[in-house]
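Please look through the structure shown here before reading on. The report below takes up a few of its helices in turn.

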Amino acid sequence: DEALPMFLSNPSEYKHLGLLLLCKVLIAIVAGYILDFILRKDINEEDDFEIEVDGICGCSNNSFVNAFTKTFTTIIYIFLVNLVLGLIIHFVGEDTLASALSVHPLIQPVISTALGFIPNCAISIILVQLYMVGGLTFGSMIAGLCSGAGLGIAVLFRNNKNKKENWMIVGYIATVAIVSSILIDMIF
């Protein structure tokens, strides 16, 4: 994400870049295994997986047309979401977002996690900049960057009609981000 070029542009922070990457990889692996354990299902590896779309989705028989149509509508959706969020950030102001994070270190993980869900590169940049100037703990920066799923969450809510499942995914991401932040700040 945008944290990478921010760290690369500041050579004095290279050691923290390695730690950031290590933490994100470990968090992803551990969170994935925990979720697999929680959702343990009997999966027979010999079963064939097949998707049937016989007229259900309003698709044509041409797979190229289907892929192009789906891709085009997703791009338009992403553009509109980014436009709206960009305007909101422009009018709210990056300084306002930064000051929202300048709170007690115990509240920072929650706020940075919530801000991380905003699918816009400005949030990642603000989180890293605040960390570099000492206004944000390392764990809180990680929390915001871990919850920063980009536009994936917006596309999830658009394409997956099971809203309860969508909110469970968001809740799991937020929980992992906040718990990871607290553990990282306790260790480092």
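## Helix 6 and what follows

Which residue follows helix 6, and is its phi positive or negative? Helix 6 is followed by Gly-134, whose phi is positive, near 85 degrees. Helices here are DSSP runs of H or I with at least four residues, numbered from the N terminus.

This is a predicted model, in which local features need pLDDT of at least 70 and side-chain atom pairs count only at pLDDT 80 or more, while totals for chains, interfaces and linings use all residues. Residues are numbered from 1 along each chain as its sequence is written, and side-chain values use heavy atoms, leaving out hydrogens and water.

Helix 6 has twelve residues (121-132), which should span 16 Å at 1.5 Å a residue, and the distance of 17 Å between its end C-alpha atoms agrees with this; the expected span is 1.5 Å times one less than the number of residues. Among its buried residues are Ile-123, Leu-127, Val-128 and Tyr-131, where buried means under 20% relative accessible area with a 1.4 Å probe, protein chains only.

Leaving aside neighbours within four places in sequence, Met-141 is in contact (heavy atoms within 4.5 Å) with Phe-7, Leu-20, Leu-127, Val-128, Tyr-131 and Leu-136.

Terms used:
Helices (H or I, at least four residues) and strands (E, at least two) are DSSP runs, numbered from the N terminus. Buried means under 20% relative accessible area, exposed over 50%, partly exposed in between (1.4 Å probe, protein chains only).
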